[in-house]
Amino acid sequence: MLLNSFYCMIASMCFGFLFNIRGRNIIIASLGGGVSWFMFLLAQSYNNTPTVSLFFAAVSVAIYSEIMARIFKAPVTVFVICGIIPLVPGNGMYYTMYEIINGSSQNAISWFTQTLLSAGSIAIAIVMVSSITKLVTMKKK
Amino acid sequence: MDTNKILDLAIDAGKIMLENGGETYRVEETMLRISKALGLQHADCYATPTVLMLNCKDKSGNNISAVKRIVSRTFNLDKIVKINELSRSIEKEHMDVDDVLGELENIRNMPTYSRKVKIILAAFAAGAFTLVFGGNFQDALTALLVGAVVQNIIMFLSAFKVADFFIDIVGGAIAALLALIAYKLGIVQHYDKIIIGGIMLLVPGLAITNAIRDTISGDLVSGISRAVEAFIIAVGIAVGTGITLKIWVIVWGGI
């Protein structure tokens with residue numbers, strides 16, 4: 001689990017470079033990728049469905065990014081984008097197409113719904129966290 | 001105070017942000033913050049992923065406005081960080097128009113990572129994702145090659161300003177082709193993990209994130225257009241890999 005998260009961190013770091021992030025931000029952003037995958041695997045190990053696990057992972061990476069953005073005074077997107085990348089259902093897209101080519105529409109549809117649900121759960125997680133942060137920061141002011 | 005100059009400056013800052021992957025609300029906020037900090041009173045603006053509009057009143061009460069069309073969009077999050085910092089420091093450090101202009105020019109010409117570095121990093125990203133999704137080290141080594149080739153294709157085709165949809169189709173197709181060839185040669189066992197590692201380079205992570213963030217901040221037009229962009233990219237990737245898989249099955253009678 002830790003090793004997998006470490007691979008994910010490296011992948012996120014490479015993405016950070018591809019998105020042209022510079023300086024210490026890149027280390028923080030890649031840690032976000034590690035956090036997101038670790039939380040995903042942790043949720044998976046408690047027998048959650050992939051959709052629920054993705055939700056937990058996306059919530060944790062969004063919270064992480066909001067905190068880091070405030071500490072290091074950088075836009076939240078910089079960290080969220082790198083942290084979210086490993087969660088984006090690239091495998092879902094592939095397996096959907098694979099099953100369509102194979103001719104088993106049953107499996108294709110189940111993969112397709114899985115992909116859409118994954119994207120949806122990531123979206124809801126980000127919406128929730130950033131709305132709640134708005135509430136919290138407003139209260140402080 | 002030169003109203004025209006300030007207007008140009010603010011909209012240029014917005015343009016750089018929008019072209020490099022900033023969210024719509026951040027772009028609008030930045031343009032307004034810059035124009036207010038430099039002394040424009042009644043500024044108002046509207047931004048979508050393809051157009052920027054900024055309007056203000058000069059001293060005698062005439063309306064002055066500027067419109068910028070955004071044609072190309074890439075990722076350079078560092079520029080967004082820098083412009084964000086700049087817009088906040090104008091007010092704090094009492095910078096004047098010329099200071100800001102020079103600073104903006106610096107940000108515009110900031111160096112990006114070189115081609116070689118990007119290719120190497122893309123290769124490592126693809127390799128790492130192959131490991132994450134359950135491939136072994138042999139798969140990951142092949143994915144290094146796949147990632148490098150896919151990134152090369154992305155950069156090669158974007159230089160010609162081809163539609164993103166086409167780049168995704170070609171990228172997906174090549175990733176699948178290389179993985180299948182390696183599988184056929186007996187080098188690797190999990191061709192699917194390699195393909196997934198390769199297409200993660202094309203996946204619309206930035207479009208999804210920005211679509212969500214735009215929608216919740218109330219920029220519905222931008223949110224929907226970015227969501228459609230993300231969906232089209234996903235379809236493009238799937239179609240690309242699908243074409244290769246189908247042709248491969250037809251030619252060899254199976255994978």
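A salt bridge is a side-chain nitrogen of Lys or Arg within 4 Å of a carboxyl oxygen of Asp or Glu. The exercises below apply this term to a predicted model.

**Exercise 1.** Determine how many salt bridges the rule finds across the interface of chain A and chain B, and identify the residues.

*Solution.* 
Step 1. Across this interface the rule finds one salt bridge.
Step 2. The partners are Arg22(A) and Asp78(B), whose side chains meet at 3.9 Å, N to O.

**Exercise 2.** Describe the side of chain A that touches chain B by its elements and by the classes of its residues.

*Solution.* 
Step 1. The elements of chain A that give two or more residues are the helices H1 (2-18), H2 (25-45), H4 (76-84), H5 (90-102) and H6 (105-140).
Step 2. Among these, H1(A) gives the most, with nine residues.
Step 3. Sorted by class, this side of chain A holds 29 nonpolar, seven polar and two charged residues.

**Exercise 3.** State how much area chain A and chain B bury between them, and how many residues are in contact.

*Solution.* 
Step 1. The size of an interface is often expressed as the accessible area that is lost when the parts come together.
Step 2. For chain A and chain B the buried area is about 4,400 Å², and 75% of it lies on carbon and sulfur atoms.
Step 3. In terms of residues, 38 of chain A are in contact with 51 of chain B.

**Exercise 4.** Identify the elements that give two or more residues to the nonpolar surface patch containing Val228(B).

*Solution.* 
Step 1. The patch is formed by Phe112(A), Leu116(A), Phe165(B), Ile224(B), Val228(B), Phe231(B), Ile232(B) and Val235(B), with about 700 Å² of accessible area together.
Step 2. Two elements give two or more residues: H6 of chain A and helix H10 (220-252) of chain B.
Step 3. H10(B) supplies the largest share, five residues, and Val228(B) lies in this helix.

Definitions and conventions. Residues are numbered from 1 along each chain as its sequence is written. Chains are lettered from A and ligands numbered from 1 in the order in which they are written. This is a predicted model: local features need pLDDT of at least 70, side-chain atom pairs count only at pLDDT 80 or more; totals for chains, interfaces and linings use all residues. Side-chain values use heavy atoms; hydrogens and water are left out. Contact means heavy atoms within 4.5 Å. Buried area is the accessible area (1.4 Å probe) that two parts lose on being put together, summed over both. Helices (H or I, at least four residues) and strands (E, at least two) are DSSP runs, numbered from the N terminus. Ala, Val, Leu, Ile, Met, Phe, Trp, Tyr, Cys and Pro count as nonpolar, Asp, Glu, Lys and Arg as charged, and the others, Gly among them, as polar. Patches are made of residues with over 30% relative accessible area and no salt bridge: like charges are joined within 9 Å, nonpolar side chains (Val, Leu, Ile, Met, Phe, Trp, Tyr) within 5 Å. Accessible areas come from the Shrake-Rupley method with a 1.4 Å probe; for residues, only the protein chains shown count as cover.
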